[in-house]
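Keep the sequence and the 3D view open as you read.

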Amino acid sequence: MVRGKKYCDKIRTILEANFPDYKIISLINEIPEDTGSGANVQSATGNHINFLLCEDVLYFPDYCLETDDEAYDILNNNLNGTEVVRVISKYLMRISKVGGVLNCITWQA
């Protein structure tokens, strides 16, 4: 069983029961093999939910991992009217190792 699957399944059940008009999309994430920056920050490598959404374009973090294609397809097939654009960069991997990806590095107060 995938780590955290029972918890995610329970949350999904609660959300579906309380918000029947919402579409719940289960997105696969890689379990990071690296340990992060060592500064008490968990690596975000493989975290596909840390995308950036700007109007009708979703910028998808592509880490060149086995799970990237499946996660991309899930989003692309379920977000009608939204263009899903892969972001592949050596800098993405460096940023993800210190706990952030696209959404984190673009957040504003």
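Which residues make up the largest nonpolar core? In this predicted model, that core is made up of L27, F51, L58, F60, A71, Y72, I74, L75 and V84, 9 residues in all.

## Overall layout

Let us step back for a moment to the whole chain. The protein has 4 helices and 3 strands, and along the sequence they follow the pattern α-β-β-α-β-α-α. Of its 109 residues, 25% count as buried.

Contacts across the sequence are worth a look too. Taking contacts between residues at least 6 apart in sequence, 54% join residues at least 24 apart.

## The sheet

The 3 strands form an open sheet in the order β1-β2-β3, and the pairing is mixed. At the edges stand β1 (52-54) and β3 (83-87); each has a single partner strand, so one side of each is left without a neighbour in the sheet. On average, neighbouring strands of this sheet are turned by 25 degrees against each other, direction ignored.

Now for the pairing of β2 with β3. Strand β2, residues 57-61, runs parallel to β3, and 5 bridges join the two. Within this pairing, L58 stands opposite V84 in β3. Both L58 and V84 also belong to the largest nonpolar core.

## The cores

In soluble globular proteins, nonpolar side chains tend to be buried together. Here the largest nonpolar core includes F51, L58 and F60 along with A71, Y72, I74 and L75. The elements that give two or more residues to this core are β2 and α2 (68-78). Its largest share, 4 residues, comes from α2.

## The buried side of α2

Which residues of α2 are buried? They are D68, A71, Y72, I74 and L75. These residues cover an arc of only 160 degrees around the axis, which puts them on the same side of α2.

## Two aromatic pairs

How many aromatic pairs does the structure hold? There are 2. In one of them, the rings of F19 and Y22 have their centres 5.7 Å apart and their planes at 90 degrees, so the pair is edge-to-face. F19 counts as partly exposed, at 41% relative accessibility, while Y22 counts as exposed, at 59%.

F60 and Y72 form a pair as well: their ring centres are 5.8 Å apart and their planes stand at 65 degrees, so this pair is edge-to-face. Since F60 lies in strand β2 and Y72 in helix α2, the pair ties together parts that are 12 residues apart in sequence. F60 is buried, with 0% relative accessibility, and Y72 is buried, with a relative accessible area of 17%.

## Loops with a positive phi

Most residues other than glycine have a negative phi.

E55 has a phi near 55 degrees, a positive value in a residue other than glycine. E55 is placed in the loop between β1 and β2. Is E55 buried or exposed? With a relative accessible area of 78%, E55 is exposed, because the cut-off for that class is over 50%.

C64 also has a positive phi, near 65 degrees, in a residue other than glycine. C64 sits in the loop between β2 and α2 and is exposed, with a relative accessible area of 60%.

## Towards the end of the chain

One last stop is W107, in the segment after α4 (102-106). W107 is exposed, at a relative accessible area of 64%. How far apart are W107 and L52 in sequence and in space? They are 55 residues apart in sequence and 9.2 Å apart in space, C-alpha to C-alpha.

Conventions: Residues numbered from 1 in each chain as written. Predicted model: local features only at pLDDT ≥ 70, side-chain atom pairs only at ≥ 80, totals over all residues. Heavy atoms only, no water. Buried < 20%, exposed > 50% of the residue type's maximum accessible area, 1.4 Å probe, protein only. Pairing = 2+ DSSP bridges. Axes fitted to C-alpha atoms, helices over the stretch in contact; angles between N-to-C directions. Core = buried A, V, L, I, M, F, W, Y, C linked by side-chain atoms within 4.5 Å. Arc of directions from axis to C-beta. Phe/Tyr/Trp six-rings, centres within 6.5 Å; stacked < 30°, edge-to-face > 60°. Contact = heavy atoms within 4.5 Å.
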